[in-house]
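Thanks for taking a look at this one with me. Here are some short notes to read alongside the structure.

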Amino acid sequence: MPLSIAMILFGLGLWMMYKNSYKKAKILLGTSFVWLFLCSYSPLVDTLLYKLETTYPTLHKAPKDIHYIYLLGGGHHTNNSLPITSQIVPISVVRLTEAIRLYRQLPDAKIILSGYSGMFDTTPHATMQYALAISLGVPAKDLIVQSSPKDTKEEALVAKQIIGKKPFILVSSASHLPRAMQIFASQNLHPIPAPTNHLADTNSKYFDIFSIQSLHKSQILIHEYLGLLWHHFIAKII
């Protein structure tokens, strides 16, 4: 979380000033400012995110003879007083919409919905996506609910059990798909990438400094690159 890191550095800098350690205080406060500036500077953040999100091209047309579309899980907040579209986070709504768009092009395809219940929400994410898919006109017979996977690796293991070595479409956010493809490939699976929810804006003539939107994008960048680092080095060791 870029903002949290900046605030921690800022707080440590103030503490060093209180302790009359002015040299350390200047370094910490300066680092905090530079870090916050870089993580909220839209041209830099959008350029880096664009590079990650364009790893795979958009799947405009689904390949023939595909029988499964695997939709990676996201997040939600159960509140029955709200419409289902408000209970599921926007990222997951976009992912499901893309999965349904591709599903409409395949006469014999099924959508696999995955995602478990969170620490403070007992409703599995896959169940929430199932309810939204039904409300959008997808027949129940074409939906496979998998509520046990807690992360992308467990989702890959589920895909291995259901699909095996047959090719299938893998739908996720464009920023997350490079890591997801590597994880699925490590299980000897053959996913066809279908990126969606692209966030990088490289066509804008304007740029922001100290942008909240850019801080959010920076958080996604850091999360995904740390995930790639984990997959490449640490996960192989253990």
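1. Let's start with Q129, which is buried at a relative accessible area of 1%; buried means under 20%, exposed over 50% and partly exposed in between, with a 1.4 Å probe and protein chains only. Please keep in mind that this is a predicted model, where local features need pLDDT of at least 70, side-chain atom pairs count only at pLDDT 80 or more, and totals for chains, interfaces and linings use all residues. Residues are numbered from 1 along each chain as its sequence is written, and side-chain values use heavy atoms, with hydrogens and water left out.

2. Q129 sits in helix α6 (residues 125–135); helices are DSSP runs of H or I with at least four residues, strands are runs of E with at least two, and both are numbered from the N terminus. Leaving aside residues up to four places away in sequence, Q129 touches L71, I88, S92, L96 and L113, where contact means heavy atoms within 4.5 Å.

3. Now look at K166, in the loop between α7 (152–162) and β4 (168–173). K166 is exposed, at 53% relative accessible area. Its C-alpha atom is separated by 18 Å from that of Q105, 61 residues apart along the chain.

4. How many aromatic pairs does the structure hold? There are six, counting rings of Phe, Tyr and Trp (its six-membered ring) whose centres lie within 6.5 Å; planes under 30 degrees apart are stacked, over 60 edge-to-face and the rest tilted. F37 and F210 form an edge-to-face pair, 6.0 Å centre to centre with 75° between the planes. This pair links distant parts of the chain, with F37 in helix α2 (residues 22–39) and F210 in the loop between β5 (191–196) and α9 (212–237), 173 residues apart.

5. F37 is partly exposed at 27% relative accessibility, and F210 is partly exposed at 40%. F33, F37, Y41 and F210 form one aromatic cluster.
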